[in-house]
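Here is my note on the model, point by point. Please read it with the structure open.

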Amino acid sequence: MDISGAAALVTGAASGLGAATATHLAAAGATVYGLDLGKSIAEAVPSAGIALIEADVTTELPVRAALARIADDGQELRVAVSCAGIAPSARILSRRGPHDLDLFESVLRVNLLGTFNVMRLAAEAMAGNEPDEHGQRGVIVNTASIAAFEAQIGQIAYAASKAGVAGMTVTAARDLAQYGIRVVTVAPGIVDTPMMAGFSDEIRAGLAAGVPFPRRLATPAEFARLVAMIVEHDYLNGETIRMDGALRMTAR
């Protein structure tokens, strides 16, 4: 799938993985539409080639409105990347009592339901595209985490949500094969996003030391380059790709 000339939808595009991905795709010649919450967009640094649109990925109408704008602009959606997510920490049982049920539901709603919502609506839009010379109409890239496979203490809600994203991958690829739409998931390790900025240098160094090689945190730009490679590599489909420097998370 050619990135240049394609319209791309990126969620969580105001910061972190989403911002890096939107910037990379725009630099590669895509027309990028970035979705995020209004507060995040207000704090974002404007970037050329990216239209930031306020939308909550967990609800249908704002996402449909964003897709309608793409069509109204005369664009065909070819790429959809879901990066929106949250990662609060809480144990199943602590001194404060059992895990808050509303918090668990909220994490699943944003990370799993939000990803599914964008995927289903993006697929509907892509299905109407003219296929390219290989029969492709679109590519969907979702974001899981290595926490889907070996999460740490306090990550029960995050792990469940990201395991769900990884678990959807093969079925989604099979469901959408008849429309010429590929589905691939990326499972990053520890990435140096704005969320990490709140940690001390000592904690960051400790996290980096746990990565076999390269012994550092991943960068959002590396995630973005992997997304672009997935889009351009036509035979990648139905796969969850770990981007973690061979890191396998310990309990703590």
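1. L9 has A80 in strand 4 as its bridge partner. Strand 1 (residues 7-11) and strand 4 (residues 77-82) run parallel and are joined by 4 bridges. Two strands pair if DSSP finds at least two bridges between them. Helices (H or I, at least four residues) and strands (E, at least two) are DSSP runs, numbered from the N terminus.

2. The model is predicted: local features need pLDDT of at least 70, side-chain atom pairs count only at pLDDT 80 or more, and totals for chains, interfaces and linings use all residues. Residues are numbered from 1 along each chain as its sequence is written, and side-chain values use heavy atoms, with hydrogens and water left out.

3. What is the strand order of the open sheet? The 7 strands run 3-2-1-4-7-8-9, with parallel pairing. Strand 3 (50-54) and strand 9 (240-243) are the edge strands, each pairing on one side only. On average, neighbouring strands are turned by 20° against each other, direction ignored.

4. Helix 6 (residues 156-176) packs on this sheet. Helix 6 touches strand 7 (138-143), strand 8 (181-188) and strand 9. Its direction makes about 160° with that of strand 8. Helix 8 packs on the sheet too, touching strand 4, strand 7, strand 8 and strand 9. The direction of helix 8 makes about 160° with that of strand 8. Contact means heavy atoms within 4.5 Å. Axes are lines fitted to C-alpha atoms, for helices over the stretch in contact, and angles run from 0 to 180 degrees between N-to-C directions.

5. Helix 4 and helix 6 pack at about 20°, with axes 8 Å apart. They are therefore roughly parallel to each other (angles under 35 degrees count as roughly parallel, over 145 as roughly antiparallel, 65 to 115 as roughly perpendicular, the rest as oblique). Contact residues include F104, L108 and F116 of helix 4, and I156, V165 and M168 of helix 6. By class, this contact has 15 nonpolar, 4 polar and 1 charged residues. Ala, Val, Leu, Ile, Met, Phe, Trp, Tyr, Cys and Pro count as nonpolar, Asp, Glu, Lys and Arg as charged, and the others, Gly among them, as polar.

6. The axes of helix 1 (residues 16-27) and helix 8 (residues 220-232) come within 8 Å and cross at roughly 55°. The two helices are therefore oblique to each other. G16, L17, A20, T21 and H24 in helix 1 meet residues of helix 8, among them P220, F223, R225 and V227. By class, the contact has 8 nonpolar, 3 polar and 1 charged residues.

7. Helix 3 (residues 60-72) packs on helix 4 (residues 101-127) at about 35°, with axes 10 Å apart. By class, the contact has 6 nonpolar, 1 polar and 4 charged residues.

8. Two backbone details deserve a look. The peptide bond from F213 to P214 is cis, with omega near -5°. P214 lies in the loop between helix 7 (201-209) and helix 8. A246 is not a glycine, yet has a positive phi of about 70°. A246 lies in the segment after strand 9.

9. Overall, the chain has 8 helices and 9 strands. The C-alpha atoms fill a box of roughly 55 × 40 × 35 Å, taken along the principal axes.
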